[in-house]
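Have the structure open as you read.

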Amino acid sequence: MSVNPSEFYTPKILDAQLTGMIKTREPGIYSARLRIPVGVLTSSVLEGLANIAKKYGRGEVYLTVRLGVEIPGIPAESFPALREELAAIGVGLAGCGPRMRTTVACKGTVCPHGNIDTFALAWAIDKELNDSATLPHKFKVAVSGCASSCSKPQVNDVGLVGVSEPELEPSPCISCGLCAEACHLGAITLCGGLPVIDRAKCVSCGDCSKVCPVAAIKPKRTGVDLYAGGRWGREKQVGLRIAGYLTQEEAVLATGNIKKWYAGNGRKKERLGQSILRTGPSFFQKEVLKGIPKTKWVQLTPEAGAAFAVLR
């Protein structure tokens with residue numbers, strides 16, 4: 001079935017997207033995009049969604065790349081009743097278009113590599129900041145529990161990564177070498193039987209302290225690294241790391257500051273990364289980290305600025 005591309009940019013379609021009605025190739029038929037923060041569904045909600053998909057759609061659900069759920073095959077006139085039945089099982093409609101999207105998180109809460117409670121942080125952000133307000137463009141937030149970055153936080157407008165800085169206490173070390181084996185980046189070598197950590201190579205994933213059988217390597221500190229301005233699409237940018245070792249409360253505060261700054265300073269159809277480049281990374285950092293201790297601000301080096309370039 002053919003589609004007129006101009007349909008995607010009409011005010012009518014944009015309004016529909018903002019209310020969770022996602023345009024499909026079939027005229028008058030939409031997919032219902034559901035708001036599923038952090039991608040967790042209970043068995044009772046799953047049963048409810050199955051019944052709703054049969055009643056209003058084709059008995060199918062789609063899983064999106066951002067841990068979301070869509071129910072396809074919904075006639076436009078069915079959305080008011082659909083919305084009521086979704087609300088009855090505790091599920092809302094998520095928006096598309098120029099607004100904040102549902103916050104994504106990896107499974108760091110239960111993953112053995114996770115340094116932070118990713119579900120709790122992502123839920124706190126989504127609960128406090130995700131509303132229907134329109135923004136210059138889409139605004140995506142992703143949380144990852146460690147440097148493996150399974151939720152791709154560095155290519156979201158705001159990326160939050162759990163980090164753990166290792167510290168060695170030599171006396172209990174038994175020179176087993178498990179810490180060096182666990183390090184994927186070769187940041188630990190044994191010298192005279194003791195681990196030596198190369199800070200230039202270490203990405204604070206924390207795996208060395210997790211495998212140490214005698215707790216000779218422990219986390220000196222844990223927290224959240226903050227990246228801003230990442231995006232993925234026709235043009236790409238890897239987010240700029242602007243703060244490190246934030247608490248959960250500070251991470252929520254900074255994310256809210258960034259969203260507010262973007263609403264006031266971004267131009268229409270301009271992604272956050274483009275706004276940062278236009279106004280200057282240092283200016284942006286100073287504006288959005290108000291309320292965050294300066295000891296947690298990351299120094300923006302020329303090398304970091306060069307890596308923040310637009311890619312195709």
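## Ground rules

Rings of Phe, Tyr and Trp (its six-membered ring) count as a pair if their centres lie within 6.5 Å; planes under 30 degrees apart are called stacked, over 60 edge-to-face, and the rest tilted. By that rule, the structure holds 3 aromatic pairs.

This is a predicted model, where local features need pLDDT of at least 70, side-chain atom pairs count only at pLDDT 80 or more, and totals for chains, interfaces and linings use all residues. Residues are numbered from 1 along each chain as its sequence is written, and side-chain values use heavy atoms, with hydrogens and water left out.

## Y30 and F79

The ring centres of Y30 and F79 are 6.2 Å apart and their planes meet at 85°, so this pair is edge-to-face. Y30 belongs to strand β2 (residues 29-35) and F79 to helix α3 (residues 79-88), so the pair ties together parts 49 residues apart in sequence. Helices (H or I, at least four residues) and strands (E, at least two) are DSSP runs, numbered from the N terminus.

Y30 is buried, at 8% relative accessible area, and F79 is buried too, at 1%. Buried means under 20% relative accessible area, exposed over 50%, and partly exposed in between (1.4 Å probe, protein chains only).

## W261 and F284

Another edge-to-face pair joins W261 and F284, with 4.9 Å centre to centre and 80° between the planes. W261 sits in helix α7 (residues 248-265) and F284 in helix α9 (residues 281-288), 23 residues apart. W261 is buried at 5%, and F284 is buried at 1%.

## Charges over rings

A charge sits over a ring if NZ of Lys or CZ of Arg is within 6 Å of the ring centre and within 35 degrees of the ring normal. The charged end of R221 lies over the ring of Y245, 3.8 Å from its centre. K294 lies over the face of W297, 4.9 Å from the ring centre.
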